[in-house]
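Here's a quick briefing for anyone opening this structure for the first time.

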Amino acid sequence: MKRIFVTGSGGQVGTELVAHLRRLYGDANVMASDFKAQEGHSGPFALLDVRDRGAIASLLDAFKPDTVMHLAGILSARGEANPQQLWETNMGGLYNMLEVARERGCSVFFPSSIAAFGPNTPADNTPQDTIQRPTTIYGVSKVAGELLCDYYHLKYGVDARGLRFPGLISYEALPGGGTTDYAVHIYYEARARGRYTSYIAAGSYMDMMYMPDALDAVVRLMEADPAKLRHRSAFNISAMSFDPEGIAASIRKVLPDFELDYDVDPERQAIADSWPNSLDCSAAREEWGFAPRYDLDAMTRDMLARVPER
Ligand code: AKB
């Protein structure tokens, strides 16, 4: 990678990925784009609605990237409120991006998710290759996106690669409209009020990862030798799996008086129940050296140290 175009730069991942890529590849070599205006960029930025293929093409023709990282999209819980809008944005946007990338010979990064699995997927140590029958529109768009990326590689030779992100925890930008968001909010509330009311029930385990490990994973995958990649567009990755009680116990090691109670949201709980408890990430380790550094307690110490600055 030398010149990279990023969509969804104002989101939870985009905010940090753009800054990370600019540190590695130079400010001028990373162009950010989002459908909302953003201030304070140290490199090029453009307003972009990813449903507008002509606008994507014009920006790529002007910037001439070798790689596009297509992060723009709506998350799981928000998607259930308006499935039609999710499909137009997530699938329409990905299709547009793959077409424009195909015509210009760009590599593509696609963020899939643990949402690409469903209730009849093996929930524990979920294999890399397994049953994928998700029950959310977000999950359906992720499975379709994985397959579309594979198709563009097979049919047209597009170098499309992707990761199945677990819940991502970070302190620079808040997530919005996801099911795993509780695992971010809990740190803010622990610092602000010493307590948190969880919309996810005790005993609901989901895969999670700290943002620095996610950023490292994106770069490692995109820089990996293509000859070693058998699972191009949808690698399982995860650094930890916990339920609300587990993250609360970790917070109490720093803030012993922290209190957790529950007001379970049936919609987000149903989504969480349909996702795996813990993923098998051996393909990512073997094919491109996936190696997360943060476990739950290391992440908790860092989050609780940094959240007060926000
Ligand atoms: C969500 O909760 O929707 C996302 C995801 C796991 O893809 N964080």
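A salt bridge here is a side-chain nitrogen of Lys or Arg within 4 Å of a carboxyl oxygen of Asp or Glu. With that rule, a search of the whole structure turns up 16 salt bridges. Bear in mind that this is a predicted model, where local features need pLDDT of at least 70, side-chain atom pairs count only at pLDDT 80 or more, and totals for chains, interfaces and linings use all residues. Residues are numbered from 1 along each chain as its sequence is written, and side-chain values use heavy atoms, with hydrogens and water left out.

Two more terms come up below. Helices (H or I, at least four residues) and strands (E, at least two) are DSSP runs, numbered from the N terminus. Buried means under 20% relative accessible area, exposed over 50%, and partly exposed in between (1.4 Å probe, protein chains only).

- Side chains of opposite charge can pair when their charged atoms come close.
- Aspartate 61 pairs up with arginine 104 in a salt bridge, with 2.6 Å between the closest N and O atoms. This pair ties together distant parts of the chain, 43 residues apart: aspartate 61 sits in helix α2 (residues 53-63) and arginine 104 in helix α4 (residues 83-104).
- Aspartate 61 is partly exposed at 38% relative accessibility, and arginine 104 is partly exposed at 29%.
- Glutamate 99 and arginine 102 make a salt bridge too, at 3.0 Å from N to O. They're three residues apart in helix α4, so about one helical turn separates them.
- Glutamate 99 is buried, with a relative accessible area of 9%, while arginine 102 is partly exposed at 31%.
- Arginine 230 and glutamate 287 form another salt bridge, their closest N and O atoms 3.9 Å apart. Here, too, distant parts of the chain are linked, 57 residues apart: arginine 230 is in the loop between α7 (211-223) and β10 (235-236), and glutamate 287 is in helix α10 (residues 282-288).
- Arginine 230 is exposed at 65% relative accessibility, whereas glutamate 287 is buried, at 9%.
- Through shared partners, salt bridges join Asp61, Glu99, Arg102, Glu103 and Arg104 into one network.

- Most residues other than glycine have a negative phi.
- Lysine 64 isn't a glycine, yet its phi is positive, at about 55 degrees. You'll find lysine 64 in the loop between α2 and β4 (67-70), and it's exposed, with a relative accessible area of 58%.
- Asparagine 125 also has a positive phi, near 50 degrees. Its place is the loop between β5 (107-113) and α5 (137-156).

**Helices α4 and α5**

- The axes of α4 and α5 come within 10 Å and cross at roughly 15 degrees; axes are lines fitted to C-alpha atoms, for helices over the stretch in contact, and angles run from 0 to 180 degrees between N-to-C directions.
- That makes α4 and α5 roughly parallel to each other (angles under 35 degrees count as roughly parallel, over 145 as roughly antiparallel, 65 to 115 as roughly perpendicular and the rest as oblique).
- Residues of α4 that meet α5 include Trp87, Leu94 and Glu99, and among those of α5 are Ile137, Ala144 and Tyr152; contact means heavy atoms within 4.5 Å.
- The residues of this contact between α4 and α5 split into 15 nonpolar, three polar and two charged. Ala, Val, Leu, Ile, Met, Phe, Trp, Tyr, Cys and Pro count as nonpolar, Asp, Glu, Lys and Arg as charged, and the others, Gly among them, as polar.
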